[in-house]
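Here are some friendly notes to read alongside the model. Please take the points in order, with the structure open beside you.

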Amino acid sequence: MKTPTFWNKKNIFYYILLPLGWLYCFATILRIKLKKPYKSGLPVICIGNLTAGGTGKTPVSIAIVQMLKKYGKNPFFISRGYGGKLSGVVVNKQIHTPDEVGDEPLLLSEVAPVCINADRAKAAKQALDNGADILVMDDGFQNPSLYKDISFLVFSGKFGIGNGAVIPAGPLRETFAGGIKRADALIVIGDDKTNLSHKTDLPIFFADITEDKPKVTNSKVYAFAGIGYPEKLYQSLKNVGLDVVRTKDFPDHHFYTKEDLMSIIDEAKKENLAIFTTSKDYVKIPSDIKQHINVLNIKIMWRDEKSLEKFIKNKLGL
């Protein structure tokens with residue numbers, strides 16, 4: 001789904017849906033309390049969030065894994081493989097498709113091995129059997145099946161916790177107060193415009209999204225995305241000097257049909273526009289169509305990388 005605009009304010013929908021949010025929150029709390037987490041024997045770092053939709057969790061996970069590799073570690077991602085059909089597999093980008101393993105695992109597999117299983121304990125066992133010496137969970141903060149040595153919560157500095165309500169009344173998967181009790185630190189992407197730092201005593205590490213400037217001759221762009229906040233792509237394209245003339249939003253994790261893509265290509269040709277999407281969307285595009293579409297690559301830049309490294313090393317005893 002695309003993130004509802006009312007999640008950032010308290011309007012009539014907020015008040016109508018608030019009781020359902022309480023029920024959702026209660027179910028989450030109950031699930032966490034009733035499950036005893038499995039200890040894998042390997043250090044586990046969870047990159048989670050309290051809000052639904054694009055906080056920047058996946059690029060943060062990639063940056064953390066790249067950091068761990070610098071220490072000489074052999075990190076594996078573990079993922080439920082949202083949107084995929086397969087379970088109990090190590091992702092192979094040469095043979096697996098997005099509808100088999102999900103879009104994010106395919107993207108993550110370009111950085112480190114990814115074990116897919118809705119049961120994170122089983123994914124951890126498979127990673128251990130395949131040579132992992134440390135695990136990174138992309139998402140899974142509300143999943144109680146696996147013990148976590150470090151839990152980071154990722155937030156958008158611009159959006160924060162939105163209207164502060166739980167799904168469907170707001171963006172939260174559980175209450176902010178309840179979530180930070182199980183977290184070890186926050187990661188805030190961008191400036192803290194909603195004063196999250198005043199709401200917790202946990203350590204906060206700041207980062208920024210930076211874009212690789214694309215090499216295109218046409219600066220006028222048709223952009224599309226199937227992510228929680230498509231506007232983030234459009235703003236990033238503007239940040240690198242491109243003129244975003246047309247946009248098209250799809251639901252988060254959308255699997256593109258050939259009709260979807262050919263429609264965009266035909267419209268862009270009529271107006272002589274270059275086509276751009278995100279790396280997460282690009283992995284779902286058939287190889288015979290990729291030549292028509294550009295991808296905007298992004299990465300995380302830590303404002304104080306040494307402090308983050310020290311925090312992780314101290315927590316894990318590295």
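1. Let us begin with His253, which is buried because its relative accessible area is 15%; buried means under 20% relative accessible area, exposed over 50%, and partly exposed in between, with a 1.4 Å probe and protein chains only. His253 sits in the loop between strand S10 (243–249) and helix H8 (258–270). Helices (H or I, at least four residues) and strands (E, at least two) are DSSP runs, numbered from the N terminus. The phi of His253 is near 65°, a positive value in a residue other than glycine. Most residues other than glycine have a negative phi, and most peptide bonds are trans.

2. A word on what you are looking at: this is a predicted model, in which local features need pLDDT of at least 70 and side-chain atom pairs count only at pLDDT 80 or more, while totals for chains, interfaces and linings use all residues. Residues are numbered from 1 along each chain as its sequence is written, and side-chain values use heavy atoms, with hydrogens and water left out.

3. Asp139 also has a positive phi, of about 85°, although it is not a glycine. You will find Asp139 in the loop between strand S5 (134–138) and strand S6 (150–156). Asp139 counts as buried because its relative accessibility is 12%. Beyond residues up to four places away in sequence, Asp139 touches Cys46, Ile47, Gly48, Asn49, Lys57, Arg120 and Arg173; contact means heavy atoms within 4.5 Å.

4. From Asp139, please move on to its contact partner Arg173. Arg173 belongs to the loop between S6 and helix H6 (176–180), and with 18% relative accessibility it counts as buried. Setting aside neighbours within four places in sequence, the contacts of Arg173 include Tyr24, Thr28, Asn49, Leu50, Asp139, Val166 and Ile167.

5. Ile167 has a feature of its own: a cis peptide bond joins Ile167 and Pro168, with omega about 5°. Pro168 is placed in the loop between S6 and H6.

6. Which residues does Ser61 touch, not counting those up to four places away in sequence? They are Ile47, Phe77 and Asp138. Ser61 lies in helix H2 and is buried, with a relative accessible area of 0%. Between Ser61 and Ser156 there are 95 residues in sequence and 15 Å in space, C-alpha to C-alpha.

7. Two packed helices are described by the angle between their axes and the distance between the axes. The axes of H2 (residues 57–70) and H10 (residues 305–316) come within 12 Å and cross at roughly 75°; axes are lines fitted to C-alpha atoms, for helices over the stretch in contact, and angles run from 0 to 180 degrees between N-to-C directions. That makes H2 roughly perpendicular to H10, the term for angles of 65 to 115 degrees, with under 35 counted as roughly parallel, over 145 as roughly antiparallel and the rest as oblique. On the H2 side, Ile64, Met67, Leu68 and Lys70 make the contact, and on the H10 side Glu305, Leu308, Glu309 and Ile312 do. By class, this contact has five nonpolar, no polar and three charged residues. Here Ala, Val, Leu, Ile, Met, Phe, Trp, Tyr, Cys and Pro count as nonpolar, Asp, Glu, Lys and Arg as charged, and the others, Gly among them, as polar.

8. Is Leu196 buried or exposed? Leu196 counts as buried, at 0% relative accessibility, and is found in the loop between strand S7 (185–189) and strand S8 (204–211). Leu196 touches Phe155, Gly160, Ile161, Phe176 and Val188, leaving out residues up to four places away in sequence. Leu196 and Ser156 are 40 residues apart in sequence and 10.0 Å apart in space, C-alpha to C-alpha.

9. Finally, have a look at Val221, which lies in strand S9 (residues 220–225). Val221 is buried, with a relative accessible area of 0%. Apart from neighbours within four places in sequence, Val221 is in contact with residues including Leu237, Leu242, Val244, Leu273 and Phe276. Val221 and Tyr15 are 206 residues apart in sequence and 39 Å apart in space, C-alpha to C-alpha.
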